[in-house]
Amino acid sequence: YEVEKIVVNLKGRPNSDHLPMGLFEFYIELNSQEATVEIGDRKTETRHIIERVLEQLTYEELVSPQGKSKLKFIVRKELNDFLSKSHHVRQIYIKTFVLKP
């Protein structure tokens, strides 16, 4: 399942007025065709979950390879909590990843 462009403000530094931004696109690998249909039917909620995860992360967290792994792990966990019990996300792939400090 492809999640098209998401543009969000990332979490800023404590004493800064400047908010970093990010542009992201994802592919979500699911365990079944039914799971793909469910996530497609609930695409607005899916996008909101991903946006909320992104808004809680800082530029500094995301800029490293470990940060990308953390992002994929958290998105996968949140989507699995959201989906029906028999459906689950196998893997998250990042298609587009652009950060603006």
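Visitor: What makes contact with Q56, if residues up to four places away in sequence are not counted?
Guide: Once those sequence neighbours are set aside, Q56 touches K11 and E61, where contact means heavy atoms within 4.5 Å. This is a predicted model, in which local features need pLDDT of at least 70, side-chain atom pairs count only at pLDDT 80 or more, and totals for chains, interfaces and linings use all residues. Residues are numbered from 1 along each chain as its sequence is written, and side-chain values use heavy atoms, with hydrogens and water left out.

Visitor: Why is Q56 called exposed?
Guide: Exposed means over 50% relative accessible area, buried means under 20%, and partly exposed lies in between, with a 1.4 Å probe and protein chains only. Q56 has a relative accessible area of 54%, and is therefore called exposed. Q56 is found in the loop between α2 and α3 (59–62), and its C-alpha atom is separated by 6.7 Å from that of L10, 46 residues apart along the chain.

Visitor: What makes E4 count as exposed?
Guide: Its relative accessibility is 55%, so E4 counts as exposed. E4 has its place in strand β1 (residues 2–9); strands are DSSP runs of E with at least two residues, helices are runs of H or I with at least four, and both are numbered from the N terminus. Leaving aside neighbours within four places in sequence, E4 is in contact with F24, E25 and R47, and the C-alpha atoms of E4 and F24 are separated by 7.8 Å.

Visitor: Why is I28 called buried?
Guide: The relative accessible area of I28 is 4%, so I28 is called buried. This residue is found in strand β2, and beyond its neighbours within four places in sequence it is in contact with residues including Y1, V3, I39, T46, I50 and L79. I28 and I94 are 66 residues apart in sequence and 8.8 Å apart in space, C-alpha to C-alpha.

Visitor: How do you know whether T46 is buried or exposed?
Guide: T46 has a relative accessible area of 1%, so it counts as buried. T46 is found in helix α2, and with neighbours within four places in sequence left aside, its contacts are I28, I39, L79 and F82.

Visitor: Which residues of helix α1 are buried?
Guide: In helix α1 (residues 33–41), the buried residues are A35, E38 and I39. They cover an arc of only 95° around the axis, counted from the directions from the helix axis to the C-beta atoms, which puts them on the same side of α1. Q33, E34 and D41 are exposed on the other side of α1, while the buried residues of α1 pack against β2 (21–30), α2 (43–55) and α4 (65–82).

Visitor: How many helices and strands does the protein have, and what makes the protein as compact as a globular protein of its length?
Guide: The protein has 4 helices and 3 strands, running β-β-α-α-α-α-β from the N terminus on. Its radius of gyration, taken over C-alpha atoms, is to be set against the globule rule of 2.2 Å times the number of residues to the power 0.38. The radius is 14 Å, close to the 13 Å that the rule gives for 101 residues, so the protein is as compact as a globular protein of that length. Buried residues make up 35% of the 101 residues, and residues 24 or more positions apart account for 65% of the contacts with a separation of 6 or more.
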